[in-house]
Amino acid sequence: MELVGRVENATEATMGAVLGDVLGFAAAVAISPLPIIAIILILATPQGRLNGVLFTVGWILGLSALGAVMLAIATPAGASAHNQPATWVGAFKLALGVLLILFGARQWHRRPKDPSQAQLPKWMGAIDRLTPVKVFGLGLALAALNAKNAPLTIAAAASIGSAGLPVGQQIASLAIFVLIATLGLLAPLGVFLLGGERAKATLGNWKDWAAQHNVAVMAVLFFVLGLKLLGDGISILTSLSNLAARDGGDEGPRLPAAAFG
């Protein structure tokens, strides 16, 4: 019984470490300004209540689908061996970290010198003309196909898949990631549904701030998380290299069994 308890505690510790590892990615997705601006604009349409819920559901499904695909790839590809990330996971995180740093630098270079002159993407001007089905599809696309959010979800799923957790705990970890990553949409939706007359003014202020600081916020997030992934990748590859060298050094010359009679 004592041995079983130790195993369970070790598993819980591993899942806790995974959740701590993906929390930063989830928070970065949650405060991504563009989806927040999009749902605020959607809530201001005549069918705002329905469209806001549909957009959020599409977002949740998009994150879940992308994360599930990454987990499905990672598990049969050997993302974890003896509860240690595989070599390709380290290389993947290293490459993704470099990509995020470069993307963050590009975003920072493109940021407007005067935040008040920041412009929203042209597609946001057509949000009030979207049907409920298209609003749902927009939420799905912004979660799963957006160049700013998809790499963060992929990185989080790679961390979950490389931890050696049982399938049930992988699913639970991904679900927690999706929940935290959706808080950025649930907040304005909650204000709209419960805030009464003051909701429009509050959401309008949020939208203006997010529009002005969208590029700078994402640049900083990508740079910080890119450095984290870079460090994770280097750490994994270095650990595996040291482990291989140690295992190789432990194997001294062996005499055939016949030499001992």
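# Exercises on a predicted chain

Among contacts between residues at least 6 apart in sequence, 84% join residues at least 24 apart. The model is predicted, and the exercises below work through its layout, its confidence and some of its side chains.

## Exercise 1. Layout

Task: state how many helices and strands the chain has, and in which pattern they follow.

Solution. 
- Step 1. Count the elements. The chain has nine helices and two strands.
- Step 2. Read along the sequence. The pattern is α-α-α-β-β-α-α-α-α-α-α.
- Step 3. Of the 261 residues, 37% are buried.
- Step 4. The accessible surface is about 14000 Å², and carbon and sulfur atoms hold 67% of it.

## Exercise 2. Confidence

Task: find which elements have the lowest and the highest mean pLDDT, and where pLDDT stays under 50.

Solution. 
- Step 1. Start with the whole chain. The average pLDDT is 81, and 82% of the residues score at least 70.
- Step 2. Compare the elements. Strand β1 (residues 80-81) has the lowest mean, 56. Helix α5 (residues 132-144) has the highest, 95.
- Step 3. Check residues 1-13. Here pLDDT stays under 50, and the model has three contacts beyond four places in sequence.
- Step 4. Check residues 251-261. Here too pLDDT stays under 50, with one contact beyond four places in sequence.

## Exercise 3. The setting of S159

Solution. 
- Step 1. Apply the cut-off. Buried means under 20% relative accessible area.
- Step 2. Compare sequence with space. A74 is 85 residues from S159 in sequence, with 9.7 Å between their C-alpha atoms.

## Exercise 4. Salt bridges

Task: say how many salt bridges the structure holds, and which residues form a network.

Solution. 
- Step 1. Take the total. There are five salt bridges.
- Step 2. Take D128 and R129. Their side chains meet at 4.0 Å, N to O. D128 is exposed because its relative accessibility is 52%. R129 is exposed as well, at 61%.
- Step 3. Take K207 and D208. Their closest N and O atoms are 3.4 Å apart. K207, at 21%, is partly exposed. D208, at 38%, is also partly exposed.
- Step 4. Take K228 and D232. The closest N and O atoms of this salt bridge are 2.8 Å apart. The two residues are four apart in helix α9 (residues 199-250), so about one helical turn separates them. K228 is partly exposed, at 29%.
- Step 5. Join the partners. Salt bridges link D21, K93, K228 and D232 in a network.

## Exercise 5. A nonpolar patch

Task: name which residues form the nonpolar surface patch and which helix gives the most to the patch.

Solution. 
- Step 1. List the members. They are V53, V57, L61 and L140, with about 280 Å² of accessible area together.
- Step 2. Find the main contributor. Helix α3 (residues 48-74) gives the most, three residues.
- Step 3. Inspect one member. V57 lies in helix α3. V57 is partly exposed, with a relative accessible area of 36%.

Methods:
Residues are numbered from 1 along each chain as its sequence is written. This is a predicted model: local features need pLDDT of at least 70, side-chain atom pairs count only at pLDDT 80 or more; totals for chains, interfaces and linings use all residues. Side-chain values use heavy atoms; hydrogens and water are left out. Buried means under 20% relative accessible area, exposed over 50%, partly exposed in between (1.4 Å probe, protein chains only). Contact means heavy atoms within 4.5 Å. Accessible areas come from the Shrake-Rupley method with a 1.4 Å probe; for residues, only the protein chains shown count as cover. pLDDT is the predictor's confidence in each residue, from 0 to 100. Patches are made of residues with over 30% relative accessible area and no salt bridge: like charges are joined within 9 Å, nonpolar side chains (Val, Leu, Ile, Met, Phe, Trp, Tyr) within 5 Å.
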